[in-house]
Amino acid sequence: MKDYDVVVVGLGVMGSSTIFHLARSGASVLGIESFGPTHQFGSSHGETRILRRAYWEGEKYLPLLNRAHELWTELQATSNEKLIVPTGGIFMGHPSTGIVKGSRNTAEAGAIAYEVLDTAQIRRRFPAFRVPDDMEAIYEPGAYIIMANKVRLQMIDLAIQSGAETRFGRTVQKIEKCGESILLTMTNNDEKFRARSVVITTGPWMAHDLLPELSNHLSSNRVPIYWFDSLDKRRKEFTSDNFPAFLYDHPDGHLIYGIPAGVSSERGVKIGFHNRQHVPCKPDGLKQSVSTQHIGEISRYIKQLLPGLNPNPIASSSCFYTMSTDENFLIGASEKYSNVFFASACSGHGFKFGSAIGESLALLAQGKKPPTDLSVFAVSRFSF
Ligand SMILES: Cc1cc2nc3c(=O)[nH]c(=O)nc-3n(C[C@H](O)[C@H](O)[C@H](O)COP(=O)(O)OP(=O)(O)OC[C@H]3O[C@@H](n4cnc5c(N)ncnc54)[C@H](O)[C@@H]3O)c2cc1C
């Protein structure tokens with residue numbers, strides 16, 4: 001049986017970042033992942049994710065978000081490949097909605113550059129959007145796209161170069177106390193590891209398998225994502241020069257997000273509902289197929305909002321949202337084992353924080369203090 005300072009279970013964006021920071025700090029670290037370095041069964045797959053800092057979800061995210069932005073920028077400096085692609089971001093809705101008010105509040109609080117656009121200005125500046133008359137938008141010129149697969153692979157590579165070990169295609173079945181350490185047993189009981197601390201970043205699997213203590217607070221949902229092609233004569237309206245990453249709070253309350261064409265090798269504009277078409281689903285049950293009913297529904301919204309797109313998607317797939325009951329992250333130490341740390345930072349908006357959450361988990365696992373206050377993400381908030 002081999003001993004490590006820290007074993008990290010689950011190498012989605014949170015785990016990849018955690019092994020990167022641990023290995024850089026000189027710790028002996030093992031990262032274990034059920035599937036390969038990239039796969040389609042969790043939450044981190046695909047080529048792109050949006051990073052925006054005028055965060056409508058609340059100012060409490062700003063310290064972690066600012067740190068994440070610094071770390072993504074540093075990671076970019078380690079690679080000749082484009083890991084982040086500037087696109088700007090536009091967050092549209094009725095002026096009374098959380099998207100507009102919250103984005104503006106956080107931008108003000110964080111001194112983040114932004115502009116306010118009314119409907120006429122939105123249509124003039126970004127002609128692809130056909131928004132109703134009484135809308136408003138917060139435009140954040142500094143928002144960008146993170147190349148999701150590439151950043152994960154870069155962090156794993158750098159971790160290995162700094163001495164991290166990895167096991168892909170292996171699943172941790174059980175953790176238990178072993179003196180002051182934690183013993184990890186793999187499925188089929190065929191291998192065991194011991195670590196001073198363990199970090200669990202298993203996304204939708206977390207509460208089902210290794211940390212059932214979180215099961216009252218987390219649920220896993222399958223959510224679809226679509227790609228749409230533009231009509232030939234309107235193609236230029238959908239590339240990042242004319243079409244930023246966007247959030248749109250439809251007057252019926254459905255929140256739609258999208259990423260411009262041409263940012264990655266994926267064809268078309270990537271679009272999904274953030275708060276709709278969620279199907280409760282056990283983590284081992286991810287089917288990639290999307291129902292014709294869901295496709296029909298998104299097509300109706302595309303016809304209204306983006307008439308320059310062909311409303312029939314050219315591709316679709318599914319991904320997991322691990323939802324916490326209040327849609328905020330859960331980060332901290334296990335109640336059962338004080339040297340087991342976890343982060344379930346999803347609810348559909350966690351990727352952008354991955355660089356900073358990995359850094360914080362790496363520090364916690366080494367008994368050190370993270371650079372930003374994580375108490376707002378503690379599970380104890382549910383006890384009050
Ligand atoms: C369609 C979609 C769009 C999104 N868009 C954005 C966006 O634009 N911006 C943004 O910030 N966020 C976005 N998110 C959210 C973001 O992608 C997630 O918050 C993030 O990927 C969660 O990563 P994770 O590492 O926690 O989980 P995961 O990526 O699910 O990783 C968990 C890993 O653990 C492994 N594992 C599980 N159990 C075990 C075990 N017992 N042993 C070993 N390995 C195990 C799994 O195989 C998996 O690889 C989006 C999510 C989806 C689904």
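Modeller: Keep in mind that this is a predicted model. The second largest pocket has a volume of about 250 Å³.

Colleague: Which residues are the closest to its centre?
Modeller: Those are Ala333, Glu335, Phe342, Val379 and Ser380, out of 13 residues that line the second largest pocket. Strand S19, residues 330-333, gives the largest share of that lining, with three residues.

Colleague: And how does the lining divide into nonpolar, polar and charged?
Modeller: You get six nonpolar residues, five polar and two charged.

Colleague: OK, new topic. Where does His254 lie?
Modeller: His254 is in the loop between strand S14 (245-249) and strand S15 (255-259).

Colleague: Does it count as buried or exposed?
Modeller: His254 counts as buried, because its relative accessibility is 16% and the cut-off for buried is under 20%. Leaving aside neighbours within four places in sequence, His254 is in contact with Tyr248, Asp249, Phe273, Asn275, Arg276 and Tyr301.

Colleague: Now strand S2, residues 29-33. How many of its residues are buried?
Modeller: Five of its five. Val29, Gly31 and Glu33 are on one side of S2, with Leu30 and Ile32 on the other. In a regular strand, side chains alternate between the two faces of the sheet.

Colleague: What does S2 pair with?
Modeller: S2 pairs in the parallel sense with strand S1 (residues 2-9) over four bridges, and Val9 stands opposite Ile32. S2 also pairs in the parallel sense with strand S9 (residues 165-168), over four bridges, where Phe168 is the bridge partner of Glu33.

Colleague: Which helix goes with S1 and S2 in a β-α-β unit?
Modeller: Helix H1, residues 13-24, and the unit is right-handed.

Technical notes:
Residues are numbered from 1 along each chain as its sequence is written. This is a predicted model: local features need pLDDT of at least 70, side-chain atom pairs count only at pLDDT 80 or more; totals for chains, interfaces and linings use all residues. Side-chain values use heavy atoms; hydrogens and water are left out. On a 1 Å grid over the protein atoms alone, a cavity is a set of points where a 1.4 Å probe fits but cannot get out, and a pocket is an open set with protein on both sides within 12 Å along at least five of seven lines; lining residues have an atom within 4 Å of a point. Grid points are joined across faces, edges and corners, and a volume is the space filled by probe spheres set on the points. Helices (H or I, at least four residues) and strands (E, at least two) are DSSP runs, numbered from the N terminus. Ala, Val, Leu, Ile, Met, Phe, Trp, Tyr, Cys and Pro count as nonpolar, Asp, Glu, Lys and Arg as charged, and the others, Gly among them, as polar. Buried means under 20% relative accessible area, exposed over 50%, partly exposed in between (1.4 Å probe, protein chains only). Contact means heavy atoms within 4.5 Å. Two strands pair if DSSP finds at least two bridges between them. A crossover is right-handed if, with the strands pointing away from the viewer, the path from the first strand over the helix to the second runs clockwise.
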